[in-house]
Amino acid sequence: MPFACGQRWQLTTYRGHNPDDKKIDMFREGGGTAGATVVASAAGRVHQWFDPGGLEIDHGGGWFTVYLHMSARAAVGTTVAQGGWIGTAGSVGTDVAHLHYEQLYDTSGDGDGETGEMVHPIIQGTEYRLSPAGPFPIVASTNACAPGSYWVDTFADATGYRDAYMNDAQGLLYAGTNYVYCKTWGTEVRVGTQYNHWWLRTDLDEVYPGKNGRGAFVSAYYLSRWGNDEARDNNGTVIPDC
């Protein structure tokens with residue numbers, strides 16, 4: 001995905017997108033599409049600019065990706081790592097902010113990715129052949145995620161703290177699919193008969209002014225799949241101690 005680790009984006013298309021099963025329009029779940037950071041879905045070099053608000057990245061080996069409607073974009077010739085900044089999502093040339101995304105393979109061998117060389121995109125190991133009739137999947141980005149992370153689902157926005165004893169609130173971890181690194185025992189969080197003493201170390205989505213959102217602690221109470229004093233990832237693996 002051409003977005004930061006953990007962000008959730010809906011993949012859509014529409015009749016007349018031409019070819020509507022290969023071109024993808026992406027919208028951030030819950031809003032916030034406009035102004036979102038767009039990152040390279042793989043390492044490469046910015047090959048060219050074109051309207052509206054677009055650029056193409058040459059990834060080598062005949063592979064190219066295209067991104068459109070951005071309000072800011074990396075300069076032609078820029079070398080980017082996977083997960084590196086290439087632009088800002090916007091509404092250039094369109095009425096609604098979104099990111100248009102394509103993958104192309106240079107079958108002609110002329111060193112360029114052309115519209116006629118577009119392929120069904122493979123994103124995080126899954127090939128997508130969308131239909132204007134839907135369904136339109138929501139995908140959590142794994143782009144440039146930190147090594148040793150575990151994916152978990154949380155059912156509500158959760159406050160992140162400096163430690164596992166609810167000292168010094170740092171910001172918020174948004175509800176949805178998130179990554180965490182490890183767990184530690186701390187202050188009990190309880191509502192009725194549901195409780196949890198485990199706290200999960202993670203990076204926050206929203207950071208309070210003057211605070212640090214990296215490596216904060218969020219209560220495992222917010223895990224939507226598990227019970228009291230459990231701290232497992234979405235596959236049921238016990239998250240290791242910090």
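## Surroundings of E102

Not counting residues up to four places away in sequence, E102 touches K23, F64, T65, V66 and M118, where contact means heavy atoms within 4.5 Å. This is a predicted model, in which local features need pLDDT of at least 70 and side-chain atom pairs count only at pLDDT 80 or more, while totals for chains, interfaces and linings use all residues. Residues are numbered from 1 along each chain as its sequence is written, and side-chain values use heavy atoms, with hydrogens and water left out.

E102 lies in strand β10, strands being DSSP runs of E with at least two residues, numbered from the N terminus. E102 is buried yet has no salt bridge, and K23, the nearest side chain of opposite charge, is 4.4 Å away. Buried means under 20% relative accessible area, exposed over 50% and partly exposed in between, with a 1.4 Å probe and protein chains only; a salt bridge requires a side-chain nitrogen of Lys or Arg within 4 Å of a carboxyl oxygen of Asp or Glu. For opposite charge, Lys and Arg count as positive and Asp and Glu as negative, whereas His and the chain ends are not counted.

## Position of N212

N212 is found in the loop between β21 (206-207) and β22 (216-219), and this residue is partly exposed, with a relative accessible area of 43%. Leaving aside neighbours within four places in sequence, N212 is in contact with Q170 and V207. N212 and G171 are 41 residues apart in sequence, but their C-alpha atoms are 8.0 Å apart in space. A polar atom of the N212 side chain lies 3.0 Å from the backbone nitrogen of R214.

How values were computed. Helix = DSSP H or I, 4+ residues; strand = E, 2+ residues; numbered from the N terminus. Polar contact = N/O pair within 3.5 Å; in protein donor to acceptor, adjacent residues only side chain to side chain.
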